[in-house]
Protein chains: 2
Amino acid sequence: MSDWRDNIRKTEPYVPGEQPQEGNIIKLNTNENPYPPAPAVAKLAAGIDTDRLRLYPDPDVRLLSAELARYHGVRDEQVFVGVGSDDVLAMSFLTFFNSDVPILFPDITYSFYIVWAGLFGIPCRMPAVKEDYSIDINDYMQENGGIVIANPNAPTSLYEPVENIEKIVKANQGSVVIIDEAYIDFGGESALKLIDTYDNILIVRTFSKSRSMAGMRIGYAIGNEELICALKGVKLSYNSYTMNMPSIILGTESVKDEAYFKATTDKIIKTRERITGELRDVGFKVLDSHTNFLFISHKDVPALKIFEELKKQKIYVRYFNKPRLDNYLRVTVGTDEEMDEFMKVLRDIIM
Amino acid sequence: MSDWRDNIRKTEPYVPGEQPQEGNIIKLNTNENPYPPAPAVAKLAAGIDTDRLRLYPDPDVRLLSAELARYHGVRDEQVFVGVGSDDVLAMSFLTFFNSDVPILFPDITYSFYIVWAGLFGIPCRMPAVKEDYSIDINDYMQENGGIVIANPNAPTSLYEPVENIEKIVKANQGSVVIIDEAYIDFGGESALKLIDTYDNILIVRTFSKSRSMAGMRIGYAIGNEELICALKGVKLSYNSYTMNMPSIILGTESVKDEAYFKATTDKIIKTRERITGELRDVGFKVLDSHTNFLFISHKDVPALKIFEELKKQKIYVRYFNKPRLDNYLRVTVGTDEEMDEFMKVLRDIIM
């Protein structure tokens with residue numbers, strides 16, 4: 001007799017960072033923002049009309065798409081919104097990567113890419129990043145079924161100049177090139193300016209980092225209308241109403257407060273630069289971060305030992321047990337107070 | 001030169017009912033609940049701590065899963081939560097339907113099933129419902145790669161006795177049988193009691209109808225732990241954090257208020273029964289509804305004409321331009337006041 005177990009899709013899920021439920025911890029392990037969302041978000045949330053929850057939300061998410069279009073100076077039809085950038089990226093893989101030729105992404109990058117490739121049966125090839133952890137753009141000049149580049153990259157924190165991104169996009173006009181800009185607001189230059197020149201580039205962004213709204217699950221893509229239209233077709237073939245009402249209205253409100261957005265990202269950058277210096281002073285190698293996290297390795301003390309000692313003292317950072325990464329830690333930039341406490345504990349550990 | 005357009009996934013999206021943005025309408029077209037969510041939901045929403053939005057939500061949605069498990073008298077590990085039942089169903093198709101043998105579902109049913117099959121490349125066969133629009137359970141005794149039955153069915157509103165559902169599940173223990181119980185709270189008996197006897201049945205539910213929370217996007221599945229575990233694997237391979245923080249906490253609060261839930265569903269059932277009688281009195285055929293909507297056809301006046309006339313007077317119902325459905329209308333049961341106005345306008349149209 002047949003067994004339904006034979007027809008189950010086998011998966012090797014992405015393993016997200018721990019979300020410890022205990023209080024009184026310093027949480028530097030999932031690149032969340034240490035500052036709350038824009039004050040107007042709290043104000044609007046308190047007045048949400050829950051009677052409206054009985055109705056389906058707008059399947060076209062027009063309010064939020066229009067606000068994002070205005071913010072980025074593009075047309076509404078160039079914006080696609082999803083449940084976090086993970087949803088946008090997963091839908092993009094499903095929509096654009098249907099070739100038998102392998103897609104390309106760096107061997108060290110956001111580890112969800114290989115999971116999506118596995119889930120959807122997409123062949124992939126992963127060129128190794130260079131000794132200094134930066135990508136070699138020549139690796140992306142070979143035949144491919146699509147390309148994904150996180151810029152800045154994770155967990156390395158490194159930014160690739162937009163001129164190099166353009167070279168990759170230009171050389172691959174027969175493929176869709178996805179630029180995952182989850183961390184771009186922390187110092188890099190966006191590839192957004194390329195979308196009118198090249199019809200094969202899709203920029204993906206998130207509200208989870210610079211907008212302090214990881215808990216709301218909002219991400220989006222910007223590209224030419226044909227790409228966005230194809231994405232919408234797949235989205236409407238999966239779930240008409242992915243964005244709930246609070247996400248739509250609170251997300252929209254967040255985009256309106258540019259001053260707060262700039263103030264908090266600037267504050268994080270300033271803290272990052274200060275801590276980078278302090279870490280180097282005590283023997284850490286720190287890659288040049290353009291993100292809200294630091295990728296660090298100590299000259300003497302193994303990363304795993306530091307990770308475990310920090311955890312004992314309720315400071316959570318991220319450790320990856322993988323080749324070339326296993327002597328590094330990824331440390332989210334928290335508030336100045338959190339980072340001072342982190343440095344204090346860290347100094348004791350490495351002494 | 002290759003063209004990225006060649007590798008785009010082609011879709012024929014599901015077309016949801018209109019979500020008119022104008023005010024002052026009577027909206028009976030998308031089977032929403034006319035009553036607001038439980039009062040405790042509004043209270044909790046007003047006090048949401050938006051500072052917490054900077055953090056990722058719990059990827060395991062433990063708070064809500066545990067509350068649903070308690071409510072249904074199952075173990076936490078038997079519950080899977082998603083972004084509306086559409087998300088849960090789409091993930092279930094992706095997880096369980098990976099056979100070359102066609103899956104089975106009725107030719108007249110929730111029209112998203114065929115869209116998901118198309119999106120994921122799942123072969124399917126659609127046995128015709130009988131003359132009276134009920135399913136013929138003998139059609140589900142053939143070889144298959146999976147089965148999906150909406151019970152009660154949409155847009156027919158008909159309920160299939162759970163004894164017949166059991167016969168289907170029992171005869172197909174080599175396949176996963178999904179019972180989509182979106183409308184079960186409006187009068188049918190659930191197949192939930194079968195999950196301990198059969199390991200191949202998955203029950204899918206939604207907060208969008210009986211719980212008045214379509215705007216929050218919450219659905220769930222209940223089945224044996226092995227099925228749920230496989231679903232979680234696919235979900236974590238797609239997007240770790242699909243449920244946002246407000247959905248988790250407000251959904252949980254809704255489940256706690258059983259008295260309100262029962263009062264509003266009873267009220268809808270009472271209105272449904274009254275309107276069923278009134279419609280029959282003026283020459284409508286009305287199928288025996290076990291849902292929060294009515295599937296109706298007039299003996300003289302074509303459905304399309306009624307649909308258009310109602311719309312002119314700002315009353316929205318659902319019309320399907322498909323064989324065997326195109327002389328019917330699907331009418332959501334609204335408040336008594338809304339239905340009285342509907343009947344008044346309707347009487348003028350058919351006179």
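These are my notes on the predicted two-chain model, going from the whole chain down to single residues.

1. Ground rules. The model is predicted, so to speak of a local feature I need pLDDT of at least 70, side-chain atom pairs count only at pLDDT 80 or more, and totals for chains, interfaces and linings use all residues. Residues are numbered from 1 along each chain as its sequence is written, while chains are lettered from A and ligands numbered from 1 in the order in which they are written.

2. Overall build of chain A. You'll find 10 helices and 13 strands in chain A; these are DSSP runs numbered from the N terminus, with helices being H or I of at least four residues and strands E of at least two. The C-alpha atoms fill a box of roughly 55 × 55 × 50 Å along the principal axes. A compact globule of 351 residues would have a radius of gyration near 20 Å, and the 21 Å of chain A agrees with that (taken over C-alpha atoms; the rule is 2.2 Å times the number of residues to the power 0.38).

3. Burial and contacts. Of the 351 residues in chain A, 54% are buried. Buried here is 20 or more other C-beta atoms within 10 Å of the residue's own, exposed is 12 or fewer, and partly exposed is in between, with C-beta atoms placed from the backbone. Among the contacts in chain A with a separation of 6 or more, 73% link residues 24 or more positions apart (a contact puts two C-beta atoms, placed from the backbone, within 7 Å).

4. Two domains. Chain A splits into domain 1, made of 4-37 + 259-350, and domain 2, 41-257; the bounds come from an automatic or database domain assignment. The domain centres, taken over C-alpha atoms, are 23 Å apart. Their contact takes 29 residues from domain 1 of chain A and 27 residues from domain 2 of chain A. On the domain 1 side, helix 8 (258-281) and strand 10 of chain A each supply at least two residues, and helix 8 of chain A gives the most, with six residues. By class, that side has 16 nonpolar, eight polar and five charged residues. For the classes, Ala, Val, Leu, Ile, Met, Phe, Trp, Tyr, Cys and Pro count as nonpolar, Asp, Glu, Lys and Arg as charged, and the others, Gly among them, as polar.

5. Chain A against chain B. The contact takes 72 residues from each of chain A and chain B. On the chain A side, helix 1 (39-46), helix 3 (84-96), helix 4 (112-120), helix 6 (225-238) and helix 7 (245-256) each supply at least two residues. Helix 3 of chain A has the largest share, seven residues. The chain A side divides into 37 nonpolar, 25 polar and 10 charged residues.

6. Helix 9 of chain A. This helix (residues 303-312) has A:Ala303, A:Ile306, A:Phe307 and A:Leu310 buried. They cover an arc of only 100° around the axis, which puts them on the same side of the helix; the arc is that of the directions from the helix axis to the C-beta atoms. On the other side, A:Lys305, A:Glu308 and A:Lys312 are exposed. The cover over the buried residues includes strand 10 (293-298), strand 11 (315-316), strand 12 (318-319), strand 13 (329-332) and helix 10 (336-350) of chain A. After the helix comes A:Lys314, with a positive phi near 65°.

7. Backbone spots to look at. In chain A, the peptide bond from A:Ala154 to A:Pro155 is cis, with omega near 0°, and A:Pro155 is in the loop between strand 5 (147-150) and helix 5 (162-171). In chain B, a cis bond joins B:Asn151 and B:Pro152, omega about -5°. B:Ser157 has a positive phi near 75° without being a glycine; B:Ser157 is buried, with 27 other C-beta atoms within 10 Å.
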